[in-house]
Amino acid sequence: MATASGQKRTFVDRYPDEAGIVKANFLVAFVALGIGAFFGLVQALHRTDILRIIDSADYYTMLTGHGVLLAIVFTIFFLCGFFHWATARSLKQPAVSTLYSWAWFGLMTTGTVLATIAILGGFVPNLGISADVLFTFYAPLQAHPIFYIGLAMFIVGTWLAGADWFLSYREWRRDNKGERIPLQTFMVLTTMIMWYVSTIGIAVSVVFFLIPWSLGLIPSVNPLLTRTLFWYFGHPIVYFWLMPAYMMWYTILPKLSGGRLFSDPLARVVFLLFLLLSTPVGIHHQYLDPGIAEGFKFIAMTNTMFLLLPSLLTAFTAVASMEHGARQRGGEGYLRWLGALPWRDPAFTGMALAGILFAAGGFSGMINAGMNINYLIHNTLWVPGHFHLTVGTAVALTMMAGSYWLVPQLTGTKLYSRPIGLLQVIMWFIGMVFMSNAMHRAGLAGIPRRTAEPQYQNFDFVTPIGSIFELRVQIALGGTLLFLSVVLFLFNMLLTSLGEESDRPVDEYLPEPLSGPEGSPRVLDNLGLWTGIAVVLVILAYTLPVASIIQNGGGLFGGGLPVPVTISAGLDFVTTMVTGTVSSLLEVVA
Amino acid sequence: MEIHAYEKLWLALALVLIVGFIGTITYGAAGVGIEMIDDKGGTVDPATLDEHPKFGDPGVEKTGENQYDVYVVARQFVFEPGTTEPIRVPEGSTVTFHVTASDVIHGFEVVGTNANTMAIPGQVAEFTVEFDEPGEYGLLCNEYCGSGHHVMEGKLVVMEQSEFDSWYEQQQQEGEN
């Protein structure tokens, strides 16, 4: 198969060192995906009362592991691998130093291992290490210091990774004065600038407050302050997950459809809008927090609504590019062209299905963003219903689908099985339809998120349509399908990487867009300017609320005494797990 | 910069949608007067909550004709009042809740309604609810607060006026003794 460069055929042939880094990142991401998905299965069965093999107190250890391993480790390691691939591919040059690339990967991995040890420590109470503080780790619930230290190392690792891509860009710029930044590199750089701006919040929270506090160096922290700093980072991280998925929809999906990207300039505008708007909105997660004035919440709400714009534009471009591809393949009619798309290709089908569910997730997100209707669904099961459609499908399914196209380029092998891949992405779609629609509806009935028990002693939940039992069955069924889907995915990836070298390897060629970058104003490439505007917007949105939180909430350190999260003692997780599984299997057999 | 005609139309519709959303919410806040949780509840010292004039002995307090204040403390894993004793209010009353937490961050949700707030140590969430019909409501903690989070529940009872009055009087007398 010929490539644009006409030289060596695949990515792994031309950039073996980069392919190694990407593969290492993907390996960590996939291991995290496997463990996190297993925890998800146990939770789905436990809280719906279908199958209970753990103690309810251990549920929160699993929930922490599920959140951190999937939403942080899987997504961000995948992103780092993908960005490393995209930078080398689009700049057509290797990274500046392989040793440096391994250094950031090593730091991120070490941090991940430390945080994971702290989380899993929750299963073994006698160990004295635990981090049952969930994905959001709100103080004053306190985790073991190695959880926070691991987290800090991980974040610094991502900063160094970003620097790797900026260094590549600088070197490219030296040899290519006056040229437009290649689209994929442009997307990598703007995403990383957003990440630098937004991780400052979490870095300050972890390094200046949570680490010294968990080590006992300071007695207390201001709970509203650390919570606000968390959400300063906690919303932009949503876009850090989403940006690689968008990048695949903009640059890979059109090719898979058989066509070309609709508009390069609009793609750049979309990424810049995310850079500008995604950080000054975090307070929209705090509509129900006392101690923050209504006006600040209103500003966050307005910004959030404008953040819909780049997503709506993306929806247009993705569909337009697919339609163009379908027409290149002979598709005709108003809607009949849909049939001409390559639905047998799991990479294409996975991304297309992810896009469909993202539209549904986008609508439930608009409800979350609505300052007043939010009161009805805040902290109910509606919320995980929503983000299982966004990060759990738009992002995770796009990443899995993308892997079917990317991994063979990195290994030089053929995808082990396209039919299994196709089954896998369809199972994910169906599983998520069951689980997330039931979660949304359960949330409307008032069922809370993040709880191990499906019911309470003194009252019942009421649904307008259907029964609570039916909702529970849907959640359990959906969760089971999702877990099986992950098993199929990992199996396919494993056998792909173990396969023999292919005679006709997948190349990484991407066609030129219909409207190229030359049609867009040069100011779009002025990254310094956009960074400046982004910082100003953050200062405008956050200075006053943070100042008033510090002033009114007892200063920087006032307010919350530490509450370590120790689990009821004497529970050996492994024995509970094994005996529980055996006894429930026996029940089924009998 | 060249933008396709359909893309321009889409862009315009997207902006109309966004401005429309902001408009309805602004109307909800300014026109209909839907009240948000904000900073008007003030702050307290969570370490000395027991000595606080209101949160030291939290409960229901009559402040005017048909007007009541309810003080609630959330702590691992109970609401005071709410869990051992239900929160009692009379029908047709206007009740202002003052909710805080003494240890970690909790949630305070009256099931199936939009009476919902975070309870954060050091901060007081203040919001006003009107109760029209007598009935019983479930109350639960919707923010993870530790290994017993799932047992943290309570009840809110909207009583008939006469029933409430005799209960309230009895409470007052017990308080004086």
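Author: Domain bounds in this predicted model come from an automatic or database domain assignment. By that assignment, chain B is split into domain 1 (1-34) and domain 2 (49-176), with 39 Å between their centres, taken over C-alpha atoms. Residues are numbered from 1 along each chain as its sequence is written, while chains are lettered from A and ligands numbered from 1 in the order in which they are written. Because the model is predicted, local features need pLDDT of at least 70 and side-chain atom pairs count only at pLDDT 80 or more, whereas totals for chains, interfaces and linings use all residues; side-chain values use heavy atoms, with hydrogens and water left out.

Reader: Thanks! Which domains make up chain A?

Author: The assignment gives domain 1 (12-179), domain 2 (188-333 + 526-582) and domain 3 (343-452 + 461-520). The centres of domain 2 and domain 3 of chain A are separated by 19 Å over C-alpha atoms.

Reader: What makes you say that domain 2 and domain 3 of chain A are in contact?

Author: Contact means heavy atoms within 4.5 Å. By that test, 34 residues of domain 2 of chain A are in contact with 35 residues of domain 3 of chain A.

Reader: Why is Thr199(A) called buried?

Author: Buried means under 20% relative accessible area, exposed means over 50%, and partly exposed lies in between (1.4 Å probe, protein chains only). Thr199(A) has 0% relative accessibility, so it counts as buried. Beyond its neighbours within four places in sequence, Thr199(A) contacts Ile155(A), Trp159(A) and Phe233(A).

Reader: And what about Tyr71(B): buried or exposed?

Author: Tyr71(B) is buried, because its relative accessible area is 9%. It belongs to strand 2 (residues 67-75) of chain B. Leaving out residues up to four places away in sequence, Tyr71(B) touches several residues, including Lys54(B), Phe55(B), Glu80(B) and His98(B).

Reader: What makes a group of residues a nonpolar core?

Author: A nonpolar core is a set of buried Ala, Val, Leu, Ile, Met, Phe, Trp, Tyr and Cys residues joined through side-chain atoms within 4.5 Å. The largest one has 242 residues, and Trp85(A), Phe137(A), Phe147(A), Phe97(B) and Phe108(B) touch the most other members. Helix 3 (residues 59-91) of chain A gives the largest share, 22 residues. Apart from this core lies another, of six residues, among them Val44(B), Tyr71(B), Val73(B) and Val124(B).

Reader: How do you know how far helix 18 of chain A reaches, and what span is expected?

Author: The expected span of a helix is 1.5 Å times one less than its number of residues. Helix 18 (residues 527-552) of chain A has 26 residues and reaches 37 Å from its first C-alpha to its last, close to the expected 38 Å.

Reader: Where does helix 18 of chain A bend?

Author: The bend at a residue is the angle between axes fitted to the seven residues ending there and the seven starting there. For helix 18 of chain A, the bend is about 35° at Tyr542(A), and Pro545(A) follows within four residues. Both Tyr542(A) and Pro545(A) are among the buried residues of this helix. Those buried residues pack against helix 6 (183-214), helix 7 (223-234), helix 10 (264-277) and helix 11 of chain A.

Reader: What is the backbone like at Leu134(A)?

Author: Most residues other than glycine have a negative phi, and most peptide bonds are trans. Leu134(A) has a positive phi, near 60°, and is not a glycine. It lies in the loop between helix 4 and strand 1 of chain A, and it counts as buried because its relative accessibility is 1%. In that loop Pro140(A) is also found, and the peptide bond from Ala139(A) to Pro140(A) is cis, with omega near 5°.

Reader: Why is Asn66(B) called partly exposed?

Author: Asn66(B) has a relative accessible area of 32%, so it falls in the partly exposed class. It lies in the loop between strand 1 (60-64) and strand 2 of chain B, with a positive phi of about 65°.

Notes:
Helices (H or I, at least four residues) and strands (E, at least two) are DSSP runs, numbered from the N terminus.
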